[in-house]
Amino acid sequence: MEIQWTIKSFEYLSVGELYDMLRLRSEIFVLEQNCVYLDLDGKDKLALHLFGEFEDKIVAYSRLFKPGISFENASIGRVVVDANYRDRKWGHDLMREAIAGIKNHFGESKITIGAQLYLKKFYESHGFVQTSEMYLEDDIPHIEMKRE
């Protein structure tokens, strides 16, 4: 069985889908990374939500934004894969789906991300190039990266 990908705007998410997405984000960004921060930043209502389901469970997720919301360019954020499924390399599938989603839904090819520094090589493998010095966001080293 393969992962099934879906993209929905906020208003079309079911309560269950929203709950599962927020739970996954909290599991990784708050608990696993030991980072207390406000995940609900007011942008979820402006995003397209890309999620991958496997055996009726959301195991991969990211937000897609049109230009001007997070960055001047279109952007991808909250990129996350359930820790129990990382050995399947679905993070790469998630990024391919996210890049295609930006192109298909917004007609954009220029994408900017705020990437955790330790994932630099991962994002470079998807055509992103570092465009800023390291900065701290919620005490985690980040860099800005762009894909043309």
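Tutor: Start with overall size. A compact globule of 148 residues would have a radius of gyration near 15 Å, and the chain has 14 Å, so the two agree. The radius is taken over C-alpha atoms, and the globule rule is 2.2 Å times the number of residues to the power 0.38. The model is predicted: local features need pLDDT of at least 70, side-chain atom pairs count only at pLDDT 80 or more, and totals for chains, interfaces and linings use all residues. Residues are numbered from 1 along each chain as its sequence is written, and side-chain values use heavy atoms, with hydrogens and water left out.

Along its principal axes, the C-alpha trace spans about 40 × 35 × 30 Å. The chain has three helices and eight strands. Helices (H or I, at least four residues) and strands (E, at least two) are DSSP runs, numbered from the N terminus. Their order along the sequence is β-α-β-β-β-α-β-α-β-β-β.

Of the 148 residues, 41% are buried. Buried means under 20% relative accessible area, exposed means over 50%, and partly exposed lies in between (1.4 Å probe, protein chains only). Take contacts between residues at least 6 apart in sequence: 61% of these join residues at least 24 apart. Contact means heavy atoms within 4.5 Å.

Now the helix itself, H2. H2 covers residues 90-106, which is 17 residues. At 1.5 Å a residue it should span 24 Å, and its end C-alpha atoms are 23 Å apart, so the helix agrees with expectation. The expected span is 1.5 Å times one less than the number of residues. Which residues of H2 are buried? They are Trp-90, Gly-91, Leu-94, Met-95, Ala-98, Ile-99, Gly-101 and Ile-102. Gly-107 follows the helix, with a positive phi near 65°.

Gly-52 and Trp-90 are 38 residues apart in sequence, yet 8.8 Å apart in space, C-alpha to C-alpha. Gly-52 sits in S2. Its relative accessibility is 0%, so Gly-52 counts as buried. What does Gly-52 touch, leaving aside neighbours within four places in sequence? Its contacts are Ile-3, Gln-4, Trp-5, Lys-57, Ile-58, Val-59 and Ala-60.

Follow S2 onward. Asp-56 lies in the loop between strand S2 (48-54) and strand S3 (57-65). Its phi is near 65°, a positive value in a residue other than glycine. Most residues other than glycine have a negative phi. At 77% relative accessibility, Asp-56 counts as exposed.

Arg-78 also has a positive phi, near 50°. But Arg-78 belongs to strand S4 (residues 74-81). With a relative accessible area of 18%, Arg-78 is buried.

Gln-116 counts as buried, at 12% relative accessibility. Between Gln-116 and Glu-11 there are 29 Å, C-alpha to C-alpha, and the pair is 105 residues apart in sequence.

Last, charge. The chain carries 19 positive and 25 negative side chains, and the centres of the two sets lie 3 Å apart. Lys and Arg count as positive, Asp and Glu as negative; His and the chain ends are not counted. Each charge is placed at NZ of Lys, CZ of Arg, CG of Asp or CD of Glu.
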